[in-house]
Each structure stands twice: as C-alpha cells, then as structure tokens.
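Here is a friendly walk through one model, moving from the overall fold to a few helix contacts. Have the viewer open as you read.

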Amino acid sequence: MSLFDDIAGSLLGGQGAPDGLLGAITGLVNQVGGLEGLVSLFNQHGLGEIINSWIGAGENLPISPEQLQQVFGNNQLGQLASQLGLSPDQVGNVFSAMLPQVISNLAPNGQIEAGGLMETGLDLLKSRLLG
C-alpha cells in the first residue's frame, strides 16, 4: 500500500483509496487549465497565499474542505463525489489533505511547468504515489 493509499484510507475511516482518486485530482487540475490555471483560480478566490505555499520548498499551508468548495463550487465537487462513489464531505476531506501534496510534487523547485511538461509531471507523480 502506498503513502497515498494510507492517507486517503485514514481520511475515509479506514477504507482504502477509491479507484480513480489520483486521476480525479489530476483531472481536476487539468480541467481548470493545469497548474497555472489552478493558481489563477485560487488567486481569484483570495486564496493565492495557500496555493503559493504548495509550490516549491517550505511548509504547505492547509486548506479546508470549505475553501475547496469556494474555489471549485458545489457542482464540480459533487460530480467528483458521484464519480468516485464518495459523499461530498469525503471528497472535501480527501482533496483538502491530498491537493497540497500533489501540487507540491508538481512544482518541487518553485517553478510551474507548462504544456506537455505538466503531463510528464503528472505521470511522474502517479508513479511516485502509486508505485
């Protein structure tokens, strides 16, 4: 079991990580325009300081499920919950714990990679978290 599965399982009350969880996170990042789009979205909602802490070295600031709901909206998180077979509360809890880690791994040197490099970064992250 990977670290990702351990964290997701503990957030879901001992259940294993549902199939497609990492794909849902990366899909969400891609859906908003990649990492650059995600940073822009967070900035639009007054949460730029939080996502900027995830990029590069240093401690990641936490994000609450309510703040994620503010950024992505009920509809988008509800669709993810349905897709994953989870409740909206579970999606909020898991994503608020995992998204900082995912973003931190995508920009470990404080640089946002663009275009095809984003896909390469996602593939690398999948192999590190699931391998």
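## Contacts across the chain

In this predicted model, residues 24 or more positions apart account for 66% of the protein's contacts with a separation of 6 or more. The secondary structure amounts to 7 helices and 0 strands, and the order along the sequence reads α-α-α-α-α-α-α. Of the 131 residues in the protein, 43% are buried. The exposed surface comes to about 6,500 Å², with carbon and sulfur atoms supplying 47% of that area.

## Two partners of helix 5

Helix 5 covers residues 65-84, and helix 3 covers residues 34-44. Helix 2, made of residues 21-31, also packs against helix 5 in the sense that their axes come within 11 Å. The table sets out both pairs.

| Pair | Axes come within | Crossing angle | Handedness |
|---|---|---|---|
| helix 3 and helix 5 | 10 Å | roughly 110 degrees | right-handed |
| helix 2 and helix 5 | 11 Å | roughly 150 degrees | right-handed |

Let's take helix 3 with helix 5. Their axes cross at roughly 110 degrees. This falls in the range of 65 to 115 degrees, so helix 3 is roughly perpendicular to helix 5. Which residues of helix 3 and helix 5 meet? Leu38, Leu41 and Phe42 come from helix 3, and they meet Leu68, Val71 and Phe72 of helix 5. Sorted by class, this contact holds 6 nonpolar residues, with no polar and no charged ones.

Now for helix 2 with helix 5. Here the axes cross at roughly 150 degrees. Angles over 145 degrees count as roughly antiparallel, and therefore helix 2 and helix 5 are roughly antiparallel to each other. On the helix 2 side, the contact is formed by Leu21, Ala24, Leu28 and Gln31, which meet Phe72, Gln76, Leu80 and Leu84 in helix 5. This contact divides into 6 nonpolar, 2 polar and no charged residues. If you are tracing side chains, Phe72 is a handy one to pick out: Phe72 takes part in the contact with helix 3 and also in the contact with helix 2.

## A look at Pro88

Pro88 belongs to helix 6, which spans residues 88-106. Is Pro88 buried or exposed? Its relative accessibility is 55%, and exposed means over 50%, so Pro88 counts as exposed. Pro88 can also be placed relative to Pro65: the two are 23 residues apart in sequence, and their C-alpha atoms are 9.5 Å apart in space.

Key:
Residues numbered from 1 in each chain as written. Predicted model: local features only at pLDDT ≥ 70, side-chain atom pairs only at ≥ 80, totals over all residues. Heavy atoms only, no water. Helix = DSSP H or I, 4+ residues; strand = E, 2+ residues; numbered from the N terminus. Buried < 20%, exposed > 50% of the residue type's maximum accessible area, 1.4 Å probe, protein only. Axes fitted to C-alpha atoms, helices over the stretch in contact; angles between N-to-C directions. Parallel < 35°, antiparallel > 145°, perpendicular 65-115°, else oblique. Left-handed = near helix turned anticlockwise from the far one by under 90°. Contact = heavy atoms within 4.5 Å. Nonpolar A, V, L, I, M, F, W, Y, C, P; charged D, E, K, R; others polar. Areas by Shrake-Rupley, 256 points an atom, 1.4 Å probe, with all protein chains shown as cover.
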